[in-house]
Amino acid sequence: MEIVVCVKQVPDTAEVKIDPVTNTLIRQGVPSIVNPFDKNAVEAAIQLKEKHGGRVTVISMGPPQAQDALKECIAMGADEALLISDRAFGGADTLATSYTLAAAIKKIGTVDMILCGKQAIDGDTAQVGPEMAEHLDWAQVTCVSRIELAGQTVRLEREHEEGYEVVETSLPVLLTVTKSINEPRYPTVKGTMKANRKQIPVWTAADLDVEPQHLGLKGSPTQVRRIFTPTQRVQGEIIQADTAREAAGMLANKLVEAKLV
């Protein structure tokens with residue numbers, strides 16, 4: 001079985017910086033990590049490979065430094081890695097990103113399953129995975145917390161606000177996974193040595209069957225126009241009293257004083 005995992009290298013949330021001119025994230029010189037949800041996707045793919053056989057390929061779209069994230073995934077147990085990197089991809093929103101990643105997956109060839117994290121911690125849109133499925137015309141299931149594979153049939157447990165939903169579909173399929181699906185393993189010494197020796201191929205726009213007008217900022221229908229720090233709200237007041245009746249009376253008096261009632 002051929003599994004592709006899409007991962008994103010994201011800025012450490014404590015070090016997020018924004019370019020005031022382009023309103024996009026500044027990535028150069030900022031400490032980066034593998035998006036935590038994507039690590040769960042990598043772990044899920046490795047577990048499927050260990051149980052059913054096959055190969056796991058991890059891909060990422062980003063600057064050259066994203067190779068560090070890919071090597072970490074190889075150290076965890078992924079077989080191959082691929083970086084999609086080109087200045088033409090810069091500033092891409094979710095639609096342009098999903099278009100580019102889908103084109104890369106088409107070039108890879110036969111793929112049975114694509115795994116993604118539920119969302120990235122920098123954008124929090126949860127859109128790239130589902131949009132990739134649309135570009136590929138694949139079935140998709142989001143917020144997956146359990147995967148069972150039997151031949152060409154995939155039985156999934158889907159997590160949502162009111163509980164869990166059991167869904168069955170067939171390969172090929174794209175899945176986005178939640179953190180509750182597993183606990184990602186740590187890279188091994190042997191895996192780290194393998195990753196350090198690995199030469200990761202880099203594909204540019206010229207290597208993909210893509211239309212330039214759909215790439216990067218040019219192909220992004222959504223763009224950030226303004227970034228600002230919200231004004232701090234007036235802090236609330238906690239009413240403390242010995243009984244609920246007394247607290248309610250104090251609240252009523254304050255509302256009357258404020259001419260709200």
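Is E237 buried or exposed? I found E237 exposed, with a relative accessible area of 57%; exposed means over 50% relative accessible area, buried under 20% and partly exposed in between, using a 1.4 Å probe and protein chains only.

Ground rules first. This is a predicted model, where local features need pLDDT of at least 70 and side-chain atom pairs count only at pLDDT 80 or more, while totals for chains, interfaces and linings use all residues. Residues are numbered from 1 along each chain as its sequence is written, and side-chain values use heavy atoms, with hydrogens and water left out.

Entry on salt bridges. I counted a side-chain nitrogen of Lys or Arg within 4 Å of a carboxyl oxygen of Asp or Glu, and the search of the whole structure gave eleven. E237 pairs with K254, their closest N and O atoms being 3.2 Å apart. K254 lies in helix α6 and E237 in the loop between β11 (202-203) and α6, so this bridge ties together parts 17 residues apart in sequence. Helices (H or I, at least four residues) and strands (E, at least two) are DSSP runs numbered from the N terminus. K254 is partly exposed, at 33%.

I then looked at E43 and R185, which meet at 2.8 Å, N to O. E43 is in helix α1 and R185 in the loop between β10 (173-177) and α5 (189-197), 142 residues apart. E43 is buried at 3%, whereas R185 is partly exposed at 27%. E50 joins E43 and R185 in a network of salt bridges.

Entry on α6. Helix α6 (residues 244-257) has 14 residues and reaches 20 Å from first to last C-alpha, close to the expected 20 Å, taken as 1.5 Å times one less than the number of residues. Just after α6, K259 takes a positive phi of about 55°.

Entry on cores. I took a nonpolar core as buried Ala, Val, Leu, Ile, Met, Phe, Trp, Tyr and Cys residues joined through side-chain atoms within 4.5 Å. The largest has 35 residues, and V5, M113, L115, I147 and L175 have the most contacts inside it. Helix α1 (residues 36-52) gives the largest share, six residues. Another core, of 26 residues, lies apart from it and includes M61 and L136.

Entry on rings. K107 lies over the face of W203, 4.4 Å from the ring centre, and the charged end of K179 sits over the ring of F37 at 5.7 Å. The test was NZ of Lys or CZ of Arg within 6 Å of the ring centre and within 35 degrees of the ring normal.
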